[in-house]
Structure formats: C-alpha cells, structure tokens
Amino acid sequence: ISQRPGSDKVRFPGAVDSKFTSEMAFSRPSTTPAMQTYRVMDSDGVIVDKQHEPSDVSDEEALTWYKNMLTVNIMDVIMFEAQRQGRLSFYMVSAGEEGIAVGSASALTDDDVIFCQYRETGVFAQRGMTIKQFMSQLFANKDDSGRGRNMPVHYGLERPRIFTISSPLATQLPQAAGAAYALKLQAMQNPNKPAGVVACYFGEGAASEGDFHAALNMAATRSCPIVFICRNNGFAISTPTLEQYRGDGIASRGIGYGIDTIRVDGNDIFAVREATKKARWMALEDGGRPILIEAMSYRVSHHSTSDDSFAYRARVEVEDWKRRDNPIIRLRKWLENKGLWNEELEQQTRTDLRAAILKEFNAGERAKKPPLKAMFTDVYENLTEEQEAQREELRKHLQKYPNEYHMNDYEGGIKG
Amino acid sequence: MSIPRAAGRRLARSWNQSHSHSHGYRPYSAAASPAARLNLPVDYKTTPLLHHAPSSLASSQELPQSATTKRINLYQAINSALRTAMSASDKVILFGEDVAFGGVFRCSMDLQMEFGSHRVFNTPLTEQGIAGFAIGAAAQGLKPVAEIQFADYVFPAFDQIVNEAAKFRYREGTTGASAGGLVFRMPCGAVGHGALYHTQSPESLFAHIPGVRVVIPRSPSQAKGLLLSSILECNDPVIFMEPKILYRAAVEHVPTESYTIPLSKAEIIKPGSDLTIISYGQPLYLCSQAISAVEKARKGVNIELIDLRTIYPWDRQTVLDSVRRTGRAIVVHESMVNYGVGAEVAATIQEGAFLRLEAPVKRVAGLTTHSGLAFESFIMPDVAKIHDAITQTLDY
C-alpha cells in the first residue's frame, strides 16, 4: 500500500494511526505527570468519596477479610520467630501487603486460576487454605501437597487452583498468560463452562525480568483474559526502586503493551478489591484481554529470614511506615467506624488465632516427613527404569549404613 | 569372523600394544578399498534407512502393517503428525514464530486454515515467552506444541524449560498439576552452512535435566510416530528435535493413518554381532554408509546399528544387551564430544558390560569448538571418521 498523496497519517505497518508532525519533539517521561493512585478509603478508614461506599460487601465478608489478614499477620510473627529458633529452614512474611493479597483474591471467583510469586500468603488464606495446610507445607511433612519437596512458603492449592509457587522470579508471568489463553479456548470450545480469568501476582523487582516483558506482550497480542497484579513495595531485597527502574513505576509500562492499566493504593483493601473486580470483568469482555494493576505498598518486613533489611534502610523509616499506614489497621478502623469491631473482639480473635496456629504448628512439626519414595515420584509421570535402579541402590545403602541417616523421620522408614 | 580377539582382560593391555598390528592382520588403512571415497554425499534415494517401497514397511513391527502409504519427506511427515494430532484432540494447539503461514521449514503448512487461528497462531518473537506460555497452557489442560525456530535459539527459554517445565509436576506433588501435555519442537543439527547459530544440537543439555524427555527422529516414518506419541500419549514435557537437513532430503513411504512409536525405546536398525554403533538423527545415515564400506571390505564382519531415538530417559537395556553380545561399541553424534550423549552412553556401557568389552568405547562426535562456517566438514562426524573408528575398534 502506497502513501496517499497529502495524507496526514503514517502508512507504515508498524504504527498505522500515527500522524505526521513537523515539530521535532521527543516524548519525555519527565514532562508526563506520574499516574494517579486510586483509593477508596483514607488512612483513618473513612471512605473518601461516598459514591464508592462498598455497598456489595456484607459485614460478614468484611470480617472474613480482616480475620484472614490477621491470620497471615500472626502466622508471620510466629513462623519468623520459629525460623530464628532453627525450627524452620526459611520463612518470608508479607507484612504490609496483606491488603493487596486478601483484597484482590476476594474479587476473584473459584473458576479463576491464580499464579503467585511468594509474598501472597493472604491470597491462599482468602482462597480457603487451612492453617494445617500452611503448617504442613512449612514443615515439609507428609501432609504437604508439595510432598516435602519445596522450600517453605512455596504453597500450592489444588482447588480453587493456585499453582504451586516456584522460586525463579517472573517465570509465572508468561505461564499465566498461557493458562489464560487455555481458559479462553476452553470457554470457546465449551460455552457451558463458567468463564474464568487468571490472576498473576509479582513484585516490582520481578517486573525487570525478561519474562515480564514476554508475558505482557504475549497476553496483549493473544488477547488473554488475565489480570496482572504487581505488588510495588519499594524494595527488591536491598534494591530500592530507584535502582530498579526510571520510568513511572510498573503501571506506565502497561500502556506501552496496549494494556488497560490502573495504579491503586495497596494499603486500601477496598481500592484493591474494586479495581480487581472491575479488571476481572474487563478481562472477560469482548473475548478477553489483559489488565494490569499496580498496587503500591511498602515492604515493612525484612525480605526473608535470610535478610536483615536494616543493612540497607533506616530503621526509623520502617517504623514510620508501620505506624503511619497499614492495610490491617485501616480496615480495622473502617470496621470500628461501622460498629463491627472493637478492642475486646480484637484481643479475643488474636488469642484464638494464635492458639489455632500454635496447635497446628506443633502437630505439623511433629508429623513424619513424606515417604522416601516421594524423592523420585512425579519427576516423570511414572518412575523410570533408572530411578527404580537408584531406589534399590539407595535402599541397600541405607541398610548398610542405618545410623548415618534419619530415615525413621520419614513415613514408612526405610520401606518408604 | 576376522576380528582379533586378544585373550584375557583388556586392562592388562598397554596403550602401545593396542596400536600395534602385531596379530598378523592388515592395518585398517589398507583394509578399506583405497579407490572408494568415503565422504560422499548421503544418497537418501538408496539408503537402507528409508522405506523406498511400501513393502519394506512390513519389516517394521512398530509401523501399521495394513496401511496405505504416501511418499513424503520429513517436514511433510511432521506436518502430517501435527494434522493428525490436531484432528484427534481439540486440546492440541500449535504456536511459535511464523508458524501461521506454514513455518520457515513448512512444517505447519495449511494447519491454520484447517484448524483456525485460535489453535494455530504466531507469537511475538520471544522464546522465553513461547516456552512459558506453553507451560501455562499445558498446566491448564491443553496440549500445546510450541515451536522454537532453531534449536540454537532455545537458550532464552532454558530457564522456563529447566526450572519450570521439568520441575512442574514434582513441585506440585499431590495437587496433580503438571506441564505434561507440552511438546517443544525445534529444528536442530548441521546443514552444511549454518555456522554458529543454525547448526547446534543441544540435546545433551536437556538430557541432564530430570523431568523432560528428549526425542530425535531419524526419518519421516519415525518422525510421525514419535511426534504423535509425544503429543498424544506422553504426559511428560517433550523436547522434540528435528534434524533439519532431513526436512527435504529424507523421503520415504509413510503410513497415512495415525500411529505411535514408543518413547524411551531404542531401535536396532541393523543387527550385527561384531560391533555396536549407537547414534541418533542424521548421523545414522553416515554410520550406515561407513558400515557398508567396512562390511564390503571385510567379509564376515557384521556391525549392529542402534538408533537411540529417545535421548533421555534412554533405553539402556537395548544398548547394553547389544554390547554384551558384540563386545565393542562406538557412539556417534554431532554435538560436542565432551559431556555429550556419548559420554553417558559410554559410561553406562563401561559399568554394565565391562567384562564383555573387547575394546574401549569410542566416541565420534563434534570437535571441541564452535561450528565455524568454513570448517563444518572438519568439525562434524562424517563417514571417514566413523569408518576409521570402526576399523580401529575392530582391530584393537
């Protein structure tokens, strides 16, 4: 196709709607204002714009969110300490980000499929993962769905589906796009199946990986029904965002991929929930498309139990964030303003949750590890001839050196 | 039989002795007919590795016997397998760079027209994206067949394949999720002028990864059966590497109906009793030519040729059984000799057939360098090198 004489528009295939200009002007990010951050309630738990009063939320539902956030918060404190005592190999808390996890998960249905990074324990809690299931995973015991194979906090849930967490960052993003495409195709092939989307969580550091780029581009070009949810908490281990990127956060990138994008206040559970709910609806509209949500927060905690964050940031800054703003306290204030919560309920609930967690903690810690066979199974669908040979070799070795290994900690002992 | 069999344990034999020809046999260099050049182009029209007439298909127990056949080349066989798989299951989807118009090697010809743009489509140019997308689609229950345009470009997807696809089922445990439905197809191997980035065969890198299966076919009929097996029957992620030099060159009769060939099962292409050659993919044709030359020159010598077909998990039993019979083994492949498939095969033979070995296991494989454009003919295994290895091993 040749250029029509006098046309004011580009006919190059790479940008068909671009108009010509005689003014040479570079587009400069520095002259563009930062994208706005959507919020529903302020730090006192007061709804800013009464039009956004959460009308579709029952009191009971709001209390469930609060309890789920509290569960994660209390479990974090106990497990962090347990790791310090050497009773657990590793742990990662999600302090400050409970609102993003619980708020977004509350907007999804059981037909939706979730991919996580690792700091989304609240998503699992909101989806019904029990304290026993958490503890089984953390202690890698026989009841762990991951068969004792993964590091702590690498949770997985079969139904409603949250794929098991893996350590390599951002790998879940293109996978989530592929899963979303599968949901779309399956819905086309079977219109009776309820439509679902994929929700995919990641931190702002992971967004620097090539897989982020691959995923957003593929999701956009294949029109996949997916909601990308970025937790921008200011740090990737020790690296502050200033060393992570120079654009306007992660949200500004969505536009470049042709993806409808919103930035929300991650400490505001209502803002996160409303944005996710709308994003889910948009993602299913017109045959499907990706949506990007950047939820702003602050990583109040250390990166993990292997990290001392005061080596790279001031203690006072962290304390300030803890005091000034926090998703749990914000929702608590809203609940108190509505007369749904008070100090007495708070104390009783905390006591009950702590007792429930400690009970499962003790049971989980004492439970046997999975049988030894589980080290080989699930590598392939069936054991290979070579694996059978190695199993036999290991069994003979254990018989020869029974005192060198703690095989009785494993279900079935040497016979497992 | 004219093979020297020195008495006693080989360990006692010194290196110098092994290179002397003091047994009264003529040295190998004189054994071959000096008039005949060894490194002639492979004559795919006459090679015994291909089914030139439908009648020879009957000799293979794995191929359907009553079938109607069609003479097609390797890319057409891949195309036929993909078409068969897509017809058999609406879970099968096909994507990658430039697959929509038929693919740069024509393997996906007409498939988008037949099955629609939702099942056959182009992706953006991102190998890690293609791999991740395939894993997600497989985890969600589809059977994605993802194409990497050249095996040389699979490395951006290495993390997704090694850390994700291969470990998916293992880390999911009892949730039952896996990436088992997926197949990564990729053209591989030398074409004579592919230089650094259109020549590589990274199979041994993947064979070091528990959780994936690595398959390389040698011919159109093998390609169709193995690919259908990989897509429709195998619940583990499969790396399916297609020797691109065979896409147009290897033509044979292929059953038109659907059939599968089992994975992790080697095939004895040519039985023999004096030496076992283990190879896979295109070099099998070179092995076949070298074997013909040796057997012609040395009456009574009978060499066994085994196609590994699945690189991992591989058929150790067939190889060990063979070497226990023949007492001698050579492994041939294009990729670099060091840490190549030959290293694993040779070590396994050493462990499993030690007392039966009459000679060291030889490896004829790519030299320890990159495949520089002008140097390919020196770097890759060829008929002369294989011929030389055979005579050395027989005369040991």
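Before I start, one definition: the axes I will talk about are lines fitted to C-alpha atoms, for helices over the stretch in contact, and the angles run from 0 to 180 degrees between N-to-C directions. Please also keep in mind that what we are looking at is a predicted model.

Let me begin in chain A, with helix α1, residues 59–84, and helix α11, residues 343–366, whose axes come within 10 Å and cross at roughly 50°. These two helices, α1(A) and α11(A), are therefore oblique to each other, and their crossing is right-handed. On the α1(A) side the contact includes Tyr66(A), Leu70(A), Ile74(A) and Ile78(A), while α11(A) contributes residues among them Arg350(A), Leu353(A), Ile357(A) and Phe361(A). Taken together, the residues of this contact divide into eleven nonpolar, three polar and four charged.

Helix α11(A) also meets helix α4 of chain A, residues 131–138, and here the axes come within 9 Å and cross at roughly 40°. An angle under 35 degrees would count as roughly parallel, so α4(A) and α11(A) are oblique to each other, again with a right-handed crossing. In this contact Ile131(A), Lys132(A) and Met135(A) of α4(A) meet Ala356(A), Ile357(A), Glu360(A) and Phe361(A) of α11(A), and the residues divide into five nonpolar, no polar and two charged.

Turning now to chain B, strand β8, residues 251–255, is mostly covered, with four of its five residues buried. Strand β1 of chain B, residues 69–73, pairs with β8(B) in the antiparallel sense over five bridges, and within that pairing Arg71(B) stands opposite His253(B).

Notes:
Residues numbered from 1 in each chain as written. Chains lettered and ligands numbered in written order. Predicted model: local features only at pLDDT ≥ 70, side-chain atom pairs only at ≥ 80, totals over all residues. Heavy atoms only, no water. Parallel < 35°, antiparallel > 145°, perpendicular 65-115°, else oblique. Left-handed = near helix turned anticlockwise from the far one by under 90°. Contact = heavy atoms within 4.5 Å. Nonpolar A, V, L, I, M, F, W, Y, C, P; charged D, E, K, R; others polar. Buried < 20%, exposed > 50% of the residue type's maximum accessible area, 1.4 Å probe, protein only. Pairing = 2+ DSSP bridges.
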